[in-house]
Amino acid sequence: MADELTQLARAQTGDRDAFAGLYDRHVRPVYWQAYSVVRDRDLAEDVTQDVFVTTWRRIRTITPVDGSILPWLLVTARYTAYNAARKEQRRHVVTK
């Protein structure tokens, strides 16, 4: 956990290598959270990418929970996936 907090602190100062470490640590659970909502591999990958882009943009405002940013990432993944699923549903309705 302390290693993650150190990576977060470094990422908050713009350290891309530290951010890459956070990505490597959490990409799989974020992907599976997204997949559990959208049930599509490609869309889950897109959601995962969006989550980490959002994370990079908001890195200075993230507050760890119990020494980890994973809870923040999973909530962000869930809501991003819900939005992506709604967008896909609207797209399918329009194209029919």
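Residues are numbered from 1 along each chain as its sequence is written, and side-chain values rest on heavy atoms, with hydrogens and water left out. Because the model is predicted, local features need pLDDT of at least 70 and side-chain atom pairs count only at pLDDT 80 or more, whereas totals for chains, interfaces and linings use all residues.

The order of elements from the N terminus is α-α-α-α. Along the principal axes, the C-alpha atoms of the protein chain occupy a box of roughly 50 × 20 × 20 Å. Of the 96 residues, 36% are buried (buried is under 20% relative accessible area, exposed over 50%, partly exposed in between, with a 1.4 Å probe and protein chains only). The accessible surface, computed by the Shrake-Rupley method with a 1.4 Å probe, is about 6,300 Å², and carbon and sulfur atoms account for 51% of that surface. Contacts are defined by heavy atoms within 4.5 Å. Among contacts between residues at least 6 apart in sequence, 61% join residues at least 24 apart.

A pair of aromatic rings is described by the distance of the centres and the angle of the planes. Rings of Phe, Tyr and Trp (its six-membered ring) pair if their centres lie within 6.5 Å, and planes under 30 degrees apart count as stacked, over 60 as edge-to-face and the rest as tilted. A search of the whole structure gives 7 aromatic pairs. In one of them, the ring centres of Phe19 and Phe52 are 6.4 Å apart and the planes stand at 80°, so this pair is edge-to-face. Phe19 lies in helix H2 (residues 16–38) and Phe52 in helix H3 (residues 41–58), so the pair links distant parts of the chain, 33 residues apart. Phe19 has 13% relative accessibility and therefore counts as buried; Phe52, at 5%, also counts as buried.

Trp32 and Tyr35 form an aromatic pair that is likewise edge-to-face, with 5.5 Å from centre to centre and 80° between the planes. Both residues lie in helix H2, 3 residues apart, which is about one turn of the helix. Tyr35 counts as partly exposed because its relative accessibility is 22%. Elsewhere, ring pairs link Phe19, Tyr23, Phe52 and Trp56 into a cluster.

Key:
Helices (H or I, at least four residues) and strands (E, at least two) are DSSP runs, numbered from the N terminus.
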